Amino acid sequence: MQHGYPVLYFSNVYVVQSLPYRYMIKVAVNGYGTIGKRVADAVAVQKDMKIIGVSKTRPSAEAFVAKARNYPLYIADITKKTEFEKFGLSIAGTVEDMLKRSDVIVDATPGGVGEKNKSLYERFGVKAIFQGGEEHEVAGFSFCSDCNYREAIARQFVRVVSCNTTGLCRIINLMDKIFGVEKVRAVMVRRGSDPGEVKKGPIDAVVLDPVTIPSHHGPDVQTVLPHIPIVTMAMVVPTTMMHMHAVQMDLKKKVGRDEVLSVIREHPRLGLVRKGTAISSTAELKEYVMDLGRIRSDLWENGIFEESLTTIGKELYFFQAIHQEADVVVENVDAIRAMMGKVTDPETSIRLTNEALQFTALK
Ligand code: NAD
């Protein structure tokens, strides 16, 4: 390409980043796995951001994807350079080199590794975003775009909460802002592993996760929405597609079903799985968005089942499907903008992120 800016080809999207380099936020992804590769692609299509590089620990299919996308590849252990090069994977430098060239690092390494990386980020004075597999204390601030975007402005460290917590925070926060939330109870039926994780299970069991109540999700919601009384229970089942939540909320006032549906319809990241689709499972929902042409068949929004949504007086009930690999991706993009302080209102950032991905929530 003549202009030198990265060009990305997605299944049905052709995007050229057109802003001059010096105005772009320089982002690197440390840990190019399930979440990291999605965040990299989402960042690369933003008009105000640029991917500086991604890191891998060993040659893998994902390293070849990074090469195909023209993302410079960095490695922690430079002695492994020849291991990559013998497969035609060129190495741009060490992870330290990548940090020096970046404004913000998205740390998408496995849970617990981010905590170990923190001292490195401190040493290089670079901003870093940790994921939900890290404890709240690693960043000292847990993020959900809807709920606390402004509080992330200019921070050095932010933790984007997990997929389940993100899905819960979005809907609880909206209901709380409009109707007031008295308390929440939710049961999470969790996918056993991501589709590519061939060594994980369970293969034939329903596993209580944990047996004790509450599961960690309720307290995790409270790292973002501390005033919400919430109790969660969780189990893991043999599926890879998505999580399913059964949610019940006591609202502060009596609300009709149509009132709730109309505020959900207005929300940019709450999707409605409509009655007319006849969809009643995660498998059909994934198939639906794949047919609609979503990149990687990703659902960045909550998949709230319209037909399930029921109100009885002040009580609200519904099922929502959460695509574990995807919903946090758009939140990471907003967190980058908030930390850089260039966009100070959440509505603008959410709109910019969604538009760049050509993402309109299912309605
Ligand atoms: P993953 O295993 O798919 O990817 C992690 C990547 O990091 C791999 O490519 C691995 O090779 C690399 N890596 C490992 N050690 C490294 C190191 N020291 N330096 C650099 N790279 C290293 O993991 P994931 O599922 O993408 O999860 C990443 C984080 O996101 C975790 O905190 C997880 O809890 C969180 N998260 C995961 C999901 C999900 O469903 N997969 C959803 C929400 C949040």
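P202 lies in the loop between strands β11 and β12, the latter covering residues 207-208, where helices (H or I, at least four residues) and strands (E, at least two) are DSSP runs numbered from the N terminus. The peptide bond that leads from G201 into P202 is cis, with omega near 10°. A cis peptide bond also joins D209 to P210, with omega near 0°, and P210 is placed in the loop between β12 and α9, a helix of residues 217-224. The model is a predicted one, in which local features need pLDDT of at least 70 and side-chain atom pairs count only at pLDDT 80 or more, whereas totals for chains, interfaces and linings use all residues. Residues are numbered from 1 along each chain as its sequence is written, and side-chain values use heavy atoms, with hydrogens and water left out.

Strand β11, residues 181-191, is joined by eight bridges to strand β14, residues 243-251, and the two run antiparallel; strands are taken to pair if DSSP finds at least two bridges between them. Within this pairing, R185 stands opposite Q248 of β14. Strand β11 is also joined to β13 by eight bridges, here in the parallel sense, with V187 standing opposite M233 of β13. Strand β13 comprises residues 230-237 and contains V231. Because its relative accessibility is 43%, V231 counts as partly exposed, a class that lies between buried (under 20% relative accessible area) and exposed (over 50%), as computed with a 1.4 Å probe and protein chains only. Together with I213 and M233, V231 forms a nonpolar patch on the surface, with about 260 Å² of accessible area in total. Patches are made of residues with over 30% relative accessible area and no salt bridge, like charges being joined within 9 Å and nonpolar side chains (Val, Leu, Ile, Met, Phe, Trp, Tyr) within 5 Å; a salt bridge is a side-chain nitrogen of Lys or Arg within 4 Å of a carboxyl oxygen of Asp or Glu. The areas come from the Shrake-Rupley method with a 1.4 Å probe, and for residues only the protein chains shown count as cover.

An open sheet is formed by eight strands in the order β6-β5-β4-β3-β7-β8-β10-β9, with parallel pairing. Its edge strands, each of which pairs on one side only, are β6 (93-94) and β9 (142-143). Strand β9 pairs with β10 in the parallel sense over two bridges, and F143 stands opposite V160 of β10.

F143 is also, with I51, V54 and I336, among the residues with the most contacts inside the largest nonpolar core, which has 50 residues. A nonpolar core is a set of buried Ala, Val, Leu, Ile, Met, Phe, Trp, Tyr and Cys residues joined through side-chain atoms within 4.5 Å. Two or more residues of this core are given by each of β3 (25-30), α1 (34-44), β4 (49-56), α2 (61-68), β5 (73-75), β7 (104-107), β10 (157-160) and α12 (327-340). The largest share, eight residues, comes from α12. A second, separate core of 34 residues includes V161, L225, I264 and L270.

Helix α12 is mostly covered, with 13 of its 14 residues buried, and just after this helix G341 takes a positive phi of about 70°. When its neighbours within four places in sequence are left aside, V54 is in contact (heavy atoms within 4.5 Å) with V29, Y32, A40, A66, Y71, P72, L73, Y74 and M98. I105, which lies in strand β7, counts as buried because its relative accessibility is 0%. Not counting residues up to four places away in sequence, I105 touches A28, N30, L99, Y121, V126, K127, A128 and I129. The C-alpha atoms of I105 and P210, which are 105 residues apart along the chain, are separated by 32 Å.

Positive phi values also occur outside glycine. A154, in the loop between α7 (145-148) and β10, has a phi near 70°, and this residue counts as exposed because its relative accessibility is 55%. Q358, in the segment that follows α13 (346-356), has a positive phi of about 55° although it is not a glycine; Q358 is likewise exposed, with a relative accessible area of 57%.
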